[in-house]
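Grab the model and work through the exercises below. Each one comes with a solution you can follow step by step.

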Amino acid sequence: MRKEASVTLNYRFRDDEAFARKLDSEDPLAKFRQRFYIPKGTTYLDGNSLGLLSKDSESSVLRTLDEWKALGIRGWLEAKTPWFYLAEQLGAKCAKLVGAEPEEVVLTGATTVNIHSLVHTFYQPNGKRKKILADELNFPTDIYALKSAMRLRGLNPVKDLVLAPSVDGRFLDEDRVVKLMTDEVALVFLPSVLYRSGQLLDIQYLTKEAHDRGIPIGFDCSHSAGAVPHYFDKWDVDFALWCSYKYLNGGPGGAAFLYVNKKHFGREPALAGWFGYVKEKQFDMSLDFEHSKSAAGWQISSPAVLSSAPIEGSLKITLEAGIDRIREKSLKMTSYLMFLIEEALSEEPYNFSIGTPREPERRGGHVAVEHEEGRRVSEALKEKGVITDFRPPNVIRIAPIPLYNTFHEVWNVTQRLKEIIDRKEYAKFPIERKAIS
Ligand SMILES: *Cc1c(COP(=O)(O)O)cnc(C)c1O
């Protein structure tokens, strides 16, 4: 049912520090770390939440500021990457990462806005076929967007939004999701990787099963883009979207990406705006909307030039490293982390456990480390300069990023976890949570 050709896994790890150093010395991607700003004094393992700034992004941002300074309005056509074509050009670069053709991807809007735009485009309730199928482990904003989309169509999400249940609060069983693809379902919308457990769903299988039942299907790939190869065209996904600021290192709240399969270019974008107009005729200023027959047709507003600028630099690094090599190192790092935790930290008094699938083809880029004191352990890690994050009820998410983390940092975090339990260091932190964790 699954395959990931480039990934072969047969590691033999050891748990000593010298071995961590050895893994780093053999790492073909090690040289990319020096192109990033690593916050001083930290072991940064939170790139699945916010990727770091690279020197390449810094220079594409500074160049854009200079262009604005020097060119004013002329920047729309005369900047190095003319702003008028920026969304399409960066989309075309990102298309290489997701197995799409250049005109099937565009950099536009924001993640949740793109959910609205694409869900409204593809959700066509008709007679008894009016339900949306999603899942109960989804990221909240996706569910809020789906519920509001249904309300706007006069439908009742309590009745018509079907959330596929999880087996155990961590994972989804694809076959159980497929069973819910009934003839009452008008749209399936799922995440590629579950944000808490890190489970990677079988996108190809789910897409085929949805299509066999005549249902369009889209994916939120925020937690997999830049970490995992995608083959949207080959898998025949109808649409997808993802943010740029996690594994793609595009900067906090940066512009987002969307993919529309070329077979749907003729569909009318549900949320129309003038930047979705046929490029050559946009400035005819006609009042009748004629959308570009490409993903670019789903743009609403002018491109956010300043928040798109860092993405030019960060995509350059990702493409240079190559998504297959990134995936290979990512799996090696997460396998190593799981090995270290199971070897030394899984029993009394440590009691850490792994809440991420073991099979490489079922996991994204981070590891969910479960502990009943997870929140306070994560605080204690932060105090030691190790940045991870916590997701209720008990998950510390640890994301070793192939482009800038080292195997030694992975080893280091497990040493710090050990220390925190040995010395009960978590106990001094309050039980309540902060606004952002
Ligand atoms: C990060 C993330 C988002 C972020 O949404 P924004 O609109 O960019 O704030 C949405 N969905 C998923 C699954 C995510 O992981």
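This is a predicted model: local features need pLDDT of at least 70, side-chain atom pairs count only at pLDDT 80 or more; totals for chains, interfaces and linings use all residues.

**Exercise 1. Work out which residues of H6 are buried and how they sit around the helix axis.**

Step 1: In H6, the buried residues are Asp142, Ile143, Ala145, Leu146, Ala149 and Met150. Buried means under 20% relative accessible area, exposed over 50%, and partly exposed in between (1.4 Å probe, protein chains only). Helices (H or I, at least four residues) and strands (E, at least two) are DSSP runs, numbered from the N terminus.

Residues are numbered from 1 along each chain as its sequence is written, and side-chain values use heavy atoms, with hydrogens and water left out.

**Exercise 2. Check the span of H6 against its 13 residues.**

Step 1: The expected span is 1.5 Å times one less than the number of residues.

Step 2: For the 13 residues of H6 that gives 18 Å, and the end C-alpha atoms are 18 Å apart, so the two agree.

**Exercise 3. Describe the surroundings of the ligand and its polar contacts.**

Step 1: List the shell. Around the ligand you'll find Thr111, Thr112, Phe139, Thr141, Asp142, Asp220, Ser222, His223, Tyr245 and Lys246, where near means a heavy atom within 4 Å.

Step 2: Asp142 has a polar side-chain atom 3.0 Å from a ligand nitrogen. For His223, a polar side-chain atom is 2.8 Å from a ligand oxygen. The side chain of Lys246 places an N or O atom 2.5 Å from an oxygen of the ligand.

Step 3: Taken alone the ligand exposes 390 Å², and the protein buries 84% of that (Shrake-Rupley, 1.4 Å probe).

**Exercise 4. Is Ile326 buried or exposed, and where does it lie?**

Step 1: Ile326 belongs to helix H12 (residues 323–344).

Step 2: Its relative accessibility is 2%, so Ile326 counts as buried.

Step 3: Leu403 is 77 residues away from Ile326 in sequence, yet their C-alpha atoms are 7.3 Å apart.

Key: A polar contact is a pair of N or O atoms within 3.5 Å; within protein, one must be able to donate a hydrogen and the other to accept it, and residues adjacent in sequence count only if both atoms are side-chain atoms. The arc is that of the directions from the helix axis to the C-beta atoms.
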